[in-house]
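These are my notebook entries on a structure that I looked up. I set down what I checked, with the cut-offs that I used.

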Amino acid sequence: MRKYTPKDNVQAKSYYTDRYWVAPRVPRAAVEEGTHFADVVKTMAHFAKESYIEIGTLVIHIDAKENFEAIKTLKEQCGYTQCSEQSAVDYLAQDGEFELFYQFLNVNEAKRVRIVCRIKQGEAIESIVPLFNSANFAEREMFDMFGIKVNNHPFLKRIIMPDDWEGHPLLKTYPLHGDEFASWYEVDKIFGKEYRDIIGPENRDPARIDRYDTKRFSRVGYEVPFGADISEGEKEQPIEYSETLLVDYNKDSGKQLDHRK
Amino acid sequence: MQQPNKLTPFFENLNFERDDNTMVINFGPQHPSAHGQLRLVLELDGEQVVKAYPDIGYLHRGIEKMAENMTYNEFLPTTDRLDYIAATSNNYAYALAVEKLLGIEAPRRAQVIRTMLLEINRIISHLFFIATHALDVGAMSVFLYAFREREFGMDLMEDYCGARLTHSAVRIGGVPLDLPEGFIENLIAWCDKVDHEVKNTYEALLTENRIWKMRLEDVGVISGEDALNWGCTGPMLRGSNVKYDIRKEEPYELYGELDFDIPVSDRCDSYGRYMLYMQEIYQSTRILRQLVPMYKESSPELMAHAPQYISAPKEEIMTQNYALMQHFVLVTQGMRPPKGEVYVPTESPKGELGFYIKSEGEPYAYRLKCRAPSFFHTGLLQDILVGTYIADVVTIIGSTNIVFGEVDR
């Protein structure tokens, strides 16, 4: 029987699984009183569902509907004036949700905060471009890679993939080597869909290498006559090297590159 | 209105034929000053830029997707291909993020070597910047001189790891090799040479050069507030009078113990940024000189001791059964870090290079996000190019020092 592979997550998985092994978790520390983070938590208390410190970063979970207000408070009242990064994590297979994270930096305190929120599949998130221009490209990339729509974004358009691309590459359902659409993309674009049958899968990739094609490819050390049929395997021949590759005609007057540094 | 057909495809929402006086031009992706694969669509009124739209993605290789399908150690050589001018800084940023996730620390000698390699890479990258920036602006000879010193720096990297461009010189948990014989002497000689050349050749050629000043002064002005808002980091941020260097503010590796200054420029223009790069080269050689005695004092361990995550030393594997078993598991399955998420910023030559890693306790990262400085600096172009002249566009692109391996990923 063929091995079962789940369709909702086609990424590489470990072949070896130990059913009794429970992965440990990175320790999460509570926020200590009197620190800078304690002030942030106090200011953000209205929005925060959960907050803790994980590896030096304060993580605050908020409701996705309040993201703009929460981030505005963080920027204006806590001094987090730079949005370093914004993206998503695909949890559709487990929970039917995306986890969005925003990474912020406070330049004066040299502290970092991560705002985390979750949205359901098909839901949109409010753009934070009015607060942070750096989110402009970041949100476009998130839309491109995950298909998460961002409301009120000035120019929500694919950024890395071509405009007429189908599918969102960082979804867990998207295979590493691309889907059917991706493999025919160039053929469809240059010749048209009706040429798929004429061109065929063997010719659609100009970089494709066929080791049995002795008309267009040869392998060093395994040379065979042009057009020979080697589908049954070929005779191995030892590589012969020329005896005198380098002849030093004039050892004394030639320029030597003995000292480079 | 466009009439797209097979021979004239749809031009990405662009109307090249205008009714008014403006003109739309394509800058790149095959422009010699586009620093790789930047396609910039510029709307011009005469010679003035009215609207700029950076179009990226021509070098997209899906590195973040690949990271989800590779074990942690497998992925490390892929990080070379992000910022290919200074590959070790990417290797290091990734290795550090994984180390933070695992909760391990590299031994002292590995830290010294890593800091050394990072600073060598910083100088290499800055020399590359000065060379290409000068070439873009029109000063050909600086390009030739700077590439000479960069070549010697790449010789040093070659002596250490055998590669000149894609180093993979850092491992998760330490470094693979000790410094080769004669490396320290060559390094000091190179530092002297770089200091001497920067002072007497590049600065002499450029700093007071009338054409250079005319081309760079008050071109590409970014205020400190804008720089923060657009996510600028590194020299772009410090060039806008914001004194923030991750090496100093959030020290990693040995930067907490080292004595160096953070040059800042309050000019906020391309000339200030150029001066900043020059000053940073001096600071890097200063750091490298301080690292030499630290190297000599350190004990010879190179990899962290955490046999559940990192293979034990060879002699242990060859003599002890359990170490061999753990090594076998690590090689065949890959390490399994604990569940959790981490974001670790490092100061790469271009700016803040950070890796966000979400681990679900599997040998494959559940999500890896590379926060590349050049990506955000490219986004900034749509703002600062507006109102400038077409001749300054090349200067501004050059002065942002973007490299497309990490923009497109």
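**Conventions.** I worked from a predicted model, in which local features need pLDDT of at least 70, side-chain atom pairs count only at pLDDT 80 or more, and totals for chains, interfaces and linings use all residues. Residues are numbered from 1 along each chain as its sequence is written, while chains are lettered from A and ligands numbered from 1 in the order in which they are written.

**Chain A, overview.** I found seven helices and eight strands in chain A. Helices (H or I, at least four residues) and strands (E, at least two) are DSSP runs, numbered from the N terminus. Of the 261 residues of chain A, 26% count as buried; a residue is buried if 20 or more other C-beta atoms lie within 10 Å of its own, exposed if 12 or fewer, and partly exposed in between, with C-beta atoms placed from the backbone. I also looked up the contacts in chain A with a separation of 6 or more: residues 24 or more positions apart account for 46% of them. Two residues are in contact if their C-beta atoms, placed from the backbone, lie within 7 Å.

**The sheet of chain A.** I traced an open sheet of six strands with mixed pairing, in the order β1-β2-β3-β6-β5-β4 (chain A). β1 (28-29) and β4 of chain A stand at the edges with a single partner strand each, so one side of each has no neighbour in the sheet. Two strands pair if DSSP finds at least two bridges between them.

β1(A) and β2(A) pair in the antiparallel sense over two bridges, and Ala29(A) has Ile53(A) in β2(A) as its bridge partner. Strand β2 (residues 50-54) of chain A is joined by five bridges to strand β3 (residues 57-61) of chain A, again antiparallel. I noted two positions there: Ser51(A) stands opposite Ile60(A), and Glu50(A) stands opposite His61(A). β2(A) and β3(A) form a hairpin with two residues between them, and Ile55(A) in the turn has a positive phi of about 45°.

**Helices on the sheet.** Helix α2 (residues 67-78) of chain A lies across β5 (97-106) and β6 (111-120) of chain A, at about 170° to β6(A). α4(A) packs on the sheet, touching β4 and β5 of chain A, and its direction makes about 10° with that of β4(A). Axes are lines fitted to C-alpha atoms, for helices over the stretch in contact, and angles run from 0 to 180 degrees between N-to-C directions.

**A loop residue of chain A.** Ala110(A) lies in the loop between β5 and β6 of chain A. I recorded a positive phi of about 55° for Ala110(A), although it is not a glycine. Ala110(A) is partly exposed, with 14 other C-beta atoms within 10 Å.

**The contact between chains.** I counted 37 residues from chain A and 50 residues from chain B in the contact. β4 (82-91) and α4 (135-146) of chain A each supply at least two residues of the side of chain A that touches chain B. The largest share of that side, six residues, comes from β4(A).

**Chain B.** Asp218(B), in the loop between α7 (210-216) and α8 (224-229) of chain B, has a positive phi of about 60° although it is not a glycine. Just after α13(B), Gly334(B) takes a positive phi of about 90°.
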